[in-house]
Amino acid sequence: FYGNIFSKFSSQTNCQLLRKEFINPYFEPEFSFKLKNEFDLIKAPFSMEQIYKFIESVIPSIEIVDSRFKDWTKAGISNIIADNGANAFWIKGKEFKDLDNINFNNHSVKVYINENLIETGNSKNVLNNPVNSITWLVNTLAKQNKNLPKASYISTGTCTRAIPLMKNDIVMADFGFLGIVEFQIK
C-alpha cells in the first residue's frame with residue numbers, strides 16, 4: 001500500500017518535533033527519491049531499469065509512523081491504508097545526485113538513539129532494492145490511471161524494523177557517504 005507525504009508534516013534534518021503531537025510514534029530510516037519527470041503512462045508497466053532513468057536524486061530520510069488507532073499493529077491493513085499508511089511525518093536529508101556510485105542492493109544504514117547504536121539496517125530490506133518499491137508504486141498508479149508529478153518525492157520503505165520513539169530522544173540515521181538525518185523529539 002502507499003500513502004501521501006504532506007509538506008505540512010515534513011521537515012529537513014536537524015529539526016525538533018513535539019511528542020505531544022503524536023499518539024504512539026515509531027520511526028523508520030528510509031531511502032527516498034526525487035523524480036525528474038512524469039511517466040508516460042501509455043508505456044506502463046515499467047521495469048526497474050526504466051524507473052531508474054526517471055530518478056533525479058536519492059535522499060536519506062526518516063519516516064515517523066503513527067496512527068490514530070491505539071494499537072495500529074492490530075488495526076488491519078484496510079484501516080492502516082485509510083490512515084494514510086500510518087505516515088505521520090517525514091524528515092529529509094541532503095539530496096545526492098550521483099546515483100551511479102550507489103549500490104542500492106546493499107547499502108548499510110546505522111540508527112542511533114541518544115548516541116547509542118540501536119540497529120543496523122540495509123537497503124536490501126526494501127524489496128531487495130528500494131528502486132523496486134518505486135517500480136511497484138508507479139506501475140500500481142498507472143493501473144489506476146494516476147501519475148506522479150514532476151519533482152515528486154517518494155519514500156520507499158524502512159531499512160530496519162519500526163523503532164519506538166520516546167520523549168527527549170535524539171535520533172540519528174547514518175546513511176554512510178549519503179549523509180546523516182537527525183532530529184530530536186521534545
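Student: Why is Asn128 called exposed?

Tutor: The relative accessible area of Asn128 is 58%, and a residue is buried under 20%, exposed over 50% and partly exposed in between, computed with a 1.4 Å probe on protein chains only. Since 58% is over the limit for exposed residues, Asn128 is exposed. This is a predicted model, in which local features need pLDDT of at least 70 and side-chain atom pairs count only at pLDDT 80 or more, while totals for chains, interfaces and linings use all residues. Residues are numbered from 1 along each chain as its sequence is written, and side-chain values use heavy atoms, with hydrogens and water left out.

Student: What is the phi of Asn128, and where does the residue lie?

Tutor: Its phi is near 75°, a positive value in a residue other than glycine, and Asn128 sits in the loop between β7 and α3; helices (H or I, at least four residues) and strands (E, at least two) are DSSP runs numbered from the N terminus. Leu127 lies in the loop between β7 and α3 as well, and has a positive phi of about 50° although it is not a glycine. Most residues other than glycine have a negative phi, and most peptide bonds are trans. The peptide bond from Ala44 to Pro45 is cis, with omega near 5°, and Pro45 is placed in the loop between β3 and α1.

Student: What makes Phe31 and Phe104 an edge-to-face pair?

Tutor: Rings of Phe, Tyr and Trp (its six-membered ring) pair if their centres lie within 6.5 Å, with planes under 30 degrees apart counted as stacked, over 60 as edge-to-face and the rest as tilted. By this rule there are 9 aromatic pairs. The ring centres of Phe31 and Phe104 are 6.1 Å apart and their planes stand at 90°, so this pair is edge-to-face. The pair links distant parts of the chain, 73 residues apart, with Phe31 in strand β3 (residues 26-35) and Phe104 in the loop between β5 (87-92) and β6 (108-113). Phe31, at 0% relative accessibility, counts as buried, and Phe104 is buried at 3%.

Student: Why is the pair of Trp90 and Tyr153 called tilted?

Tutor: The angle between the planes of Trp90 and Tyr153 is 50° and the centres are 5.4 Å apart, so the distance is within the pairing limit while the angle falls in neither the stacked nor the edge-to-face range. Trp90 lies in strand β5 and Tyr153 in strand β8 (residues 153-158), so the pair ties together parts that are 63 residues apart in sequence. Trp90 is buried, with a relative accessible area of 4%, whereas Tyr153 is partly exposed at 30%.

Student: Why is α3 described as largely enclosed?

Tutor: In α3, 11 of the 14 residues are buried, so the helix is largely enclosed by the rest of the structure. Its buried residues pack against β3, α1 (48-52), β4 (55-65) and β8.

Student: What makes the contact between the side chains of Asn114 and Asp169 a polar one?

Tutor: A polar contact is a pair of N or O atoms within 3.5 Å; within protein, one must be able to donate a hydrogen and the other to accept it, and residues adjacent in sequence count only if both atoms are side-chain atoms. The side chains of Asn114 and Asp169 are joined at 3.4 Å, and the pair counts as a polar contact. Asn114 is found in the loop between β6 and β7 and is partly exposed, with a relative accessible area of 35%.

Notes: Contact means heavy atoms within 4.5 Å.
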